[in-house]
Every structure is written in C-alpha cells, then in structure tokens.
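Subject: Structure handover

Hello,

My notes follow below it.

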Amino acid sequence: MTKTRRGPIRAAVPLIPAAALAALAALVTGCGADADRDGDGRPESAGRAALAADAGTGATPDKARIAENVKSALEVRISTGEGRFGSGTHSPCASSSPKVFTEECGEAADYTREAARFALDEIDGRSGFATLGTTARKLDKAAATYRDLGCARNPAAADARKACLDPAAVVAQGFSDLRDGANLGLAGK
C-alpha cells in the first residue's frame, strides 16, 4: 500500500463531528459561559433561547419542539437539584431522613420550589402541559407550606412535626414528578 498525504486528514475527519456534538451538548445543557447568567449558582433556561429565536423570526414552532425546549430547560434545573440535594428517599426531605426538620431540607424545598415556578413560567400560556402545570403548582404549594410551618427549624411539638411530613414528602419527590410532567408534555398531556 502506498502512503499518501491524505491519511492523517481522513483520520482527523471523525473528530470534527465529535467536536460539533460536544459543542451542541454544552449549548443544550447550558454548560457554557452563560449557564449561570444571574451569578447565583442556578442554571438558566437552555430552552428559553431557542424559544426566543423562534419568536424573533416570526416562525411558529410546532408543539413538539416547544415541549422539547421546555423539557430541556427544566431538565437542567432538575439535574442540578438532584445532584445537590438528592431525590426521593435520598432527599433530605424524605420522611425517613434525619434531615427532614433541618435547614438542609429547607434549602431543598426552596430550590425545588424555584424549579416548579420556573416550569410554570416556561409553560405559561401554552397548551399541552396539563400534568406539568398541576405538578408544579402542587410542588410550589408544598414547598411554601413547609417553610410557612417552620419545618426547617426542627419544631418540637408532635402535631407540628406531623404537619411537616406531607409537604416534605411532596418536595422529596418533586424533581422526579417534574421530570415526569415534562415527559408527559412531550405527548401533549
């Protein structure tokens, strides 16, 4: 076989699509320089830019694309929250957690509430997100109730502690429920 100068170029060609995919992944997940525009450690909407671009061009995106943008934007928040606080039985707000009456659960409740409100802002005025809307409103209310009852300050009274368990359980399951709602939004439910 004769060696040509084309060999190294052909070998490098598969790297170009890989680099493009890596750049696209960083853009979609919000891992770029603009991922934290507010400087508060919380990711911004990965899908908001795409929705704004559609609005700016006058194009009407189809429902599937909108649902995918909402899901992508929300997934960044959900994944960040799960990484920081855990989810379900691994959440500090799980009824079985020794941290359910601590500020750690309070912080998880606050972050989860922000994710729920973010979801509500993203779907405001859009059809096809009934489940996500219901879930986000329930989660927003539960997180507010947890804070209003003073659950993060380790209440001593048994009835106060009992009243904290239901909203804490909703918060503990919140990320998973938001993800399920966003997935159902892809199906227009």
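How many contacts beyond four places in sequence does the model have for residues 56-60? The model has 1 such contact for this stretch, and its pLDDT stays under 50. Contact here means heavy atoms within 4.5 Å. pLDDT is the predictor's confidence in each residue, from 0 to 100.

Some ground rules. This is a predicted model, in which local features need pLDDT of at least 70 and side-chain atom pairs count only at pLDDT 80 or more, while totals for chains, interfaces and linings use all residues. Residues are numbered from 1 along each chain as its sequence is written, and side-chain values use heavy atoms, with hydrogens and water left out.

**Confidence**

The protein chain has a mean pLDDT of 78. Of its residues, 68% reach 70 or more. Residues 3-43 have pLDDT below 50. That stretch still has 26 contacts in the model beyond near neighbours in sequence. Where pLDDT is low, the predicted coordinates should not be read in detail.

**Overall layout**

The protein chain has 8 helices and 0 strands. Both are DSSP runs, numbered from the N terminus: helices are H or I with at least four residues, strands are E with at least two. Along the sequence the pattern reads α-α-α-α-α-α-α-α. Of the 189 residues, 39% are buried. Buried means under 20% relative accessible area, exposed means over 50%, and partly exposed is in between (1.4 Å probe, protein chains only). Take the contacts in the chain with a separation of 6 or more: 70% of them join residues 24 or more positions apart.

H4 has 23 residues. From first C-alpha to last, H4 reaches 32 Å, close to the 33 Å expected at 1.5 Å a residue. The expected span is 1.5 Å times one less than the number of residues. Just after H4, Gly 86 takes a positive phi of about 85°.

Ser 91 is in the loop between H4 and H5. Its relative accessibility is 4%, so Ser 91 counts as buried. Leaving aside neighbours within four places in sequence, Ser 91 contacts Phe 85, Gly 86, Ser 97 and Ala 172. Ser 91 and Ala 172 are 81 residues apart in sequence, yet 5.4 Å apart in space, C-alpha to C-alpha.

**Aromatic rings and charges**

There are 2 aromatic pairs in the structure. In Phe 85 and Tyr 111, the ring centres are 5.9 Å apart and the planes are at 50°, so this pair is tilted. The rule: rings of Phe, Tyr and Trp (its six-membered ring) pair if their centres lie within 6.5 Å, and planes under 30 degrees apart are stacked, over 60 edge-to-face, the rest tilted. Phe 85 lies in H4 (residues 63-85) and Tyr 111 in H5 (residues 103-123), so the pair ties together parts 26 residues apart in sequence. Both residues are buried. With Phe 175, they form one aromatic cluster.

Two arginines sit over rings. The charged end of Arg 77 is over the ring of Phe 118, 4.3 Å from its centre. The charged end of Arg 161 is over the ring of Phe 101, 3.9 Å from its centre. The test is NZ of Lys or CZ of Arg within 6 Å of the ring centre and within 35 degrees of the ring normal.

Arg 161 lies in helix H7. At 28% relative accessibility, Arg 161 counts as partly exposed. Beyond four places in sequence, Arg 161 contacts Phe 101, Asn 154, Pro 155 and Ala 156.

**Helix H8**

H8 covers residues 174-186, and its 13 residues should span 18 Å at 1.5 Å a residue. The end C-alpha atoms are 19 Å apart, which agrees. Its buried residues are Gly 174, Phe 175, Leu 178, Arg 179, Gly 181, Ala 182 and Gly 185. They cover an arc of only 160° around the axis, which puts them on the same side of H8. The arc is that of the directions from the helix axis to the C-beta atoms. What covers these residues includes H4, H5, H6 (130-148) and H7 (158-172).

Gly 174 has 1% relative accessibility, so it counts as buried. Not counting residues up to four places away in sequence, Gly 174 touches Thr 112 and Leu 139. Just after H8, Gly 188 takes a positive phi of about 80°.

Best wishes
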